[in-house]
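Colleague: Could you walk me through this one? I would like to go region by region.

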Amino acid sequence: MPDTPPKSLEPILQAQRRAFAAARPEALSVRRDRIKRAMSILSEHGESLAAAMNSDFGSRSYEGSMMTDIVSTIGFGKYCLKNLDHWAAPDKRSVRFPLGLMGARAEVRYEPKGVVGIMSPWNFPVNLSFGPLMQVLAAGNRAMIKPSEFTPATSDRMRELIADAFAEDEVTVITGGPEVAQAFSSLPFDHLVFTGSTETGRKVMEAAAKNLTPVTLELGGKSPTIIGKGADLTRAGERIALGKMLNAGQICLAPDYLLVPEDQEEGVIAAVQLGVHEMYPTLLDNEDYTAIISDKHFDRLRGLVDDATSKGAEAIVVNPANESFASANTRKMPLTILRNVTDDMKAMQEEIFGPVLPVKTYKAVDEAIDYINDHDRPLGLYYFGGDSKERERVLDRTISGGVTVNDVIFHISVDDMPFGGVGPSGIGCYHGPEGFREFSHARSTYQQPKIDIAKLAGLKPPYGETARKAIERELK
């Protein structure tokens, strides 16, 4: 299927905007119908979408794709349907005494913004397109989706399926490379959602700023994992291994590096190795283990390991079956644990986004806290431990987009909580009621009673004794 010409983007946007304006006000039943159509695409065509993702990656687990991209996104659609009436109801607000007694009324109405652009990444191409779409539609908006050019088969399949289920002036998919992406981010949307790297997020925000387009940026960063007092190392090791090897670590929320007590370093590494052996006894021909998305990304990950070892790090390759990766014609990469890491290594400077796991030790937990606070605020933070005081100290003294305690990544699975980052790890959020409001305009509406409030309050010139008494009363 040919890419969308950049010159056609503006006419599509304007057609959606005209359709949006002409249809207002739309009943909530129309929003529900659109959410249901989006869910039907996933439920009826999940297998073909999983096959497309497998083709794009070179090897991607069918079950993994169904769980992360299809089933979970359908579940989020159900959550939106369940809560739509509550979310869309106006909020009654208080007015100053005694205006309420005189008949004044105030409320906030959550109204659709218009046309929302969604720029989705390659790592979970269906979930991160359809997930935001569910709440964009719940809020009553139209949508244009620009998926990644790194997953062309999946992008084309989504484009076909959405074209079958939606009119172009409701929802449409735009395909193409960097030129199309640049043109897309420069459109005067009513809101723009971008999921991807911090570096690209800065460029998207710069392009959106020229139109004063509000943005939701779901970025990444280096999400730390702290092993604390009383942690069950076997359980922690397995959960860290799963979080780091799911999708081959190509997850914005993957545990990026470990912070472990000095006297537990060997035990933690052994526990992670054990977790890998139990879940992935083989890797090369294991359909449960995903390949790296591209040669460029594969070479970058190998470069991180080479850079670290050249600067003194020890690389521990977790290869349960002792398979030969050097001669394999595949982009599969075993988990590589890095010990003795230092901040001059690229693996401690860049988001890893793959199966490479640096381990840094600390003497006291405050040292780990200070290390986190000395760096960019992460998208996720993970703490394993059984000491509630230490856990609360970590949470009270750090800032991150979200937190999972005694596991990794799982906070994103809670549909009723907002998901987003802080600063370099993101701006804004979706999921939860906060996501609905992110894609809505909170419109303040005040109804004045018949009585002349301005005169009664002394607000009308010429000012006199009533105004002076009102000022004196407010100053007390």
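Modeller: What follows goes through the record, the active site, the cavity and pocket, and some strands. This is a predicted model, where local features need pLDDT of at least 70, side-chain atom pairs count only at pLDDT 80 or more, and totals for chains, interfaces and linings use all residues. Residues are numbered from 1 along each chain as its sequence is written, and side-chain values use heavy atoms, with hydrogens and water left out.

Colleague: Which residues does UniProt list for "domain: Aldehyde dehydrogenase"?

Modeller: The unreviewed UniProt entry gives residues 8-443 for that domain. UniProt positions are in the numbering used here, feature names are shortened, and annotations may be inferred rather than shown by experiment. The span is 43% helix and 18% strand, and its end C-alpha atoms lie 32 Å apart. Helices (H or I, at least four residues) and strands (E, at least two) are DSSP runs, numbered from the N terminus.

Colleague: Where does UniProt place the "active site"?

Modeller: At Glu-218 and Cys-252, again from an unreviewed entry. The two are spread over 35 residues of sequence but cluster in space, with a largest C-alpha distance of 8.9 Å. Of these residues, Cys-252 is included in the lining of the largest cavity.

Colleague: Take Glu-218. Is Glu-218 buried or exposed?

Modeller: Glu-218 counts as buried, because its relative accessibility is 1%. Buried means under 20% relative accessible area, exposed over 50%, and partly exposed in between (1.4 Å probe, protein chains only). Glu-218 lies in strand 7, residues 215-218. Leaving aside neighbours within four places in sequence, the contacts of Glu-218 include Phe-194, Phe-419 and Cys-429. Contact means heavy atoms within 4.5 Å.

Colleague: And where does Cys-252 lie?

Modeller: Cys-252 is in the loop between helix 8 (233-245) and strand 9 (257-261). Cys-252 is buried too, with a relative accessible area of 15%. Not counting residues up to four places away in sequence, Cys-252 touches Asn-123, Glu-351 and Phe-419, among others.

Colleague: What volume does the second largest pocket have?

Modeller: About 1,100 Å³. Of the 41 residues that line this pocket, the closest to its centre are Met-67, Thr-68, Phe-124, Leu-246 and Ile-409. Helix 3 (62-88), helix 4 (127-138) and helix 8 each give two or more residues to the lining. Helix 3 gives the most, with nine.

Colleague: Different topic. What order does the open sheet of three strands have?

Modeller: The order is 1-2-18, with antiparallel pairing. Two strands pair if DSSP finds at least two bridges between them. Strand 1 (91-93) and strand 18 (440-447) are at the edges, each with a single partner strand, so one side of each has no neighbour in the sheet. Strand 1 is joined to strand 2 (residues 105-112) by three bridges. Arg-93 stands opposite Ala-106 in strand 2.

Colleague: How many residues of strand 3 are buried?

Modeller: Five of its five. Val-115, Gly-117 and Met-119 are on one side of strand 3, with Val-116 and Ile-118 on the other. In a regular strand the side chains alternate between the two faces of the sheet. Strand 3 pairs with strand 4 (residues 142-146) in the parallel sense over five bridges, and Gly-117 stands opposite Met-144 in strand 4.

Colleague: And how does strand 8 run relative to strand 9?

Modeller: Strand 8 and strand 9 run parallel, joined by three bridges. Thr-225 has Leu-258 in strand 9 as its bridge partner.

Definitions and conventions:
1 Å grid on protein atoms, 1.4 Å probe; cavity = no way out; pocket = protein on both sides within 12 Å on 5 of 7 lines; lining within 4 Å. Points joined across faces, edges and corners; volume = space filled by probe spheres on them.
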